[in-house]
Amino acid sequence: MRIAMVAALVAALVVPVTAHAAPLAVEDLGTLPGDLRSAAADINDSGTIAGVSYGAGTAQHAVRWDRWDGITKLADFGSDSWAAAINRDNVVVGYAVNAAGQAQAVKWLPSGALVQLAVAGATSSVAYDVNDSGTVTGAATINGVSQAVLWTSFGEVTVLGAGSGLHVTNGNWVVGKTGGDVVRWNASGVRTVLDAGAVAGVNQLGDAVGTASTGGVLWLRAGKTQLGLAARPSDISDNGFAVGDVSSQATRWDHFTGAVETLAPAPSSAAEVNNSGVVAGTVGTSAATWDMGGTRTVLPALSGAARHSVTGLSEVGQVIGVAAFADGTHRAVVWR
């Protein structure tokens, strides 16, 4: 589960590549009627996708793309909304802005019903992730201070402490931030400071990857592994593989054996990895996947798009991303 960053989606890349295998088909997920842009944030193994459709100016609307029924605008409070993650049961989480202009953490049930995730004393809040049992993590501003929060599927709330909860595992481990530190809360709410830095990805074991002053880091529950100053890991699987880039070259690390594999020349980057060993990322202006053996498949381009990026990968191998156009607009896409 992951947060899409539009700035990264529009970075110019220039090197063409050649496919090595029959690619998945690309599908334009489109926008809500009248909107101009869209972005896909997360996908589950059923192929249902959560994301955002953008209108004129700063207007944005949380949406869900169902495999067979297309795009649906998710309910809101009459203003903007945003979706960050989706679980196996099609529960989507994010925020909706209320009449006072304050973001409020919400979840959308499979039926589409909107449920506000309340926190006593909070003026604003946001939900960043949801696990398969419906537990949600995020942040709430209480007395002017951001507090990491965990909501059960029944709406019971636990304030974990200062910071933001960014990822929640199926075992209710939370990884997030406190100030400039990457932190992990266990299922009992006990916090461990991992490093001063930024977290990029988390697996279901509570292992995390990101960057610190020393460069790329794997924060494992058994300890920390340094990847080097030029390393920028972005995701980690449950079975020991981390992916990212080293000096703008897509890279895969095996933290059990210590092996480091360069997947493609610069400019390239590996964004996502699943437990089957499939990696998804970019090479030049194209989206691509790599299998466990390192064989690369370039994914087809959306007609008219200048470049592509990857924002998610399911366990069954479906890839989501964004196709960017020369006029500055972008569209959510899926390869399946």
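**Entry 1: S16 and S17.** I looked up strand S16 (residues 181-185) and strand S17 (residues 191-202) and found them paired in the antiparallel sense over five bridges. Strands here are DSSP runs (E, at least two residues), numbered from the N terminus, and two of them pair if DSSP finds at least two bridges between them. I noted that Val-182 stands opposite Asp-195 in S17.

I record that this is a predicted model, in which local features need pLDDT of at least 70, side-chain atom pairs count only at pLDDT 80 or more, and totals for chains, interfaces and linings use all residues. Residues are numbered from 1 along each chain as its sequence is written, and side-chain values use heavy atoms, with hydrogens and water left out.

**Entry 2: the sheet of seven strands.** I traced an open sheet in the order S14-S15-S16-S17-S18-S19-S20, with antiparallel pairing. Strand S14 (164-168) and S20 stand at the edges with a single partner strand each, so one side of each lacks a neighbour in the sheet. The twist averages 45° from one strand to the next; axes are lines fitted to C-alpha atoms, and angles run from 0 to 180 degrees between N-to-C directions.

I then followed strand S19 (residues 215-220) and strand S20 (residues 223-228), which pair in the antiparallel sense over five bridges. S19 and S20 form a hairpin with two residues between them. The bridge partner of Val-217 in S20 is Gln-226.

**Entry 3: the sheet of four strands.** I found a further open sheet, ordered S25-S26-S27-S28 and antiparallel in its pairing. Strand S25 (268-273) and strand S28 (296-298) are at its edges, each with a single partner strand, so one side of each has no neighbour in the sheet. Five bridges join S25 to strand S26 (residues 279-283), and the two run antiparallel. Ser-268 stands opposite Val-283 in S26.

**Entry 4: aromatic rings.** I searched for ring pairs (rings of Phe, Tyr and Trp, the last by its six-membered ring, with centres within 6.5 Å) and the count came to two aromatic pairs. The rings of Trp-82 and Tyr-128 have centres 6.2 Å apart and planes at 80°, so this pair is edge-to-face (over 60 degrees). Trp-82 lies in strand S6 (residues 81-86) and Tyr-128 in strand S10 (residues 122-130), so the pair ties together parts 46 residues apart in sequence. Ring pairs link Trp-82, Tyr-95 and Tyr-128 into a cluster.

**Entry 5: charges over rings.** I checked for charges over rings (NZ of Lys or CZ of Arg within 6 Å of the ring centre and within 35 degrees of the ring normal). The charged end of Arg-67 sits over the ring of Trp-68, 5.0 Å from its centre. The charged end of Arg-221 sits over the ring of Trp-173, 5.4 Å from its centre.

Terms used: Phe/Tyr/Trp six-rings, centres within 6.5 Å; stacked < 30°, edge-to-face > 60°.
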